[in-house]
Amino acid sequence: MHTTLHLKNSLKTVALLAGVALATMIVMHAQPAQHAPLLLSQASMLLPAVG
């Protein structure tokens with residue numbers, strides 16, 4: 001039971017990180033380097049909520 005819950009939380013974290021990485025790449029391709037730091041700072045604020 002505990003292992004299953006831990007696995008689900010790990011998968012959520014991995015999914016969020018993958019989404020952030022994908023969004024970062026999209027933004028960097030769309031407008032090089034201007035909005036990427038803002039996006040990364042927003043992402044870093046979301047991570048503690050997941051963990």
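Leu 22, Met 25 and Ile 26 make a nonpolar surface patch of about 310 Å², where patch residues have over 30% relative accessible area and no salt bridge, and nonpolar side chains are joined within 5 Å. This is a predicted model, in which local features need pLDDT of at least 70, side-chain atom pairs count only at pLDDT 80 or more, and totals for chains use all residues. Residues are numbered from 1 along each chain, and side-chain values use heavy atoms, without hydrogens and water.

Leu 22 is found in helix H1, and Thr 24 has its place in helix H1, residues 2-30; helices are DSSP runs (H or I) of at least four residues. Thr 24 is buried (under 20% relative accessible area, 1.4 Å probe), with a value of 9%. A polar atom of the Thr 24 side chain lies 2.7 Å from the backbone oxygen of Val 20.

Totals for the protein chain follow.

| Item | Value |
|---|---|
| Buried residues | 10% of 51 residues |
| Accessible surface | about 4200 Å² |
| Carbon and sulfur share of the accessible surface | 75% |

Terms used. Helix = DSSP H or I, 4+ residues; strand = E, 2+ residues; numbered from the N terminus. Buried < 20%, exposed > 50% of the residue type's maximum accessible area, 1.4 Å probe, protein only. Polar contact = N/O pair within 3.5 Å; in protein donor to acceptor, adjacent residues only side chain to side chain. Patch = residues over 30% accessible without salt bridge, like charges linked within 9 Å, V, L, I, M, F, W, Y side chains within 5 Å. Areas by Shrake-Rupley, 256 points an atom, 1.4 Å probe, with all protein chains shown as cover. Salt bridge = Lys/Arg side-chain N within 4 Å of Asp/Glu carboxyl O.
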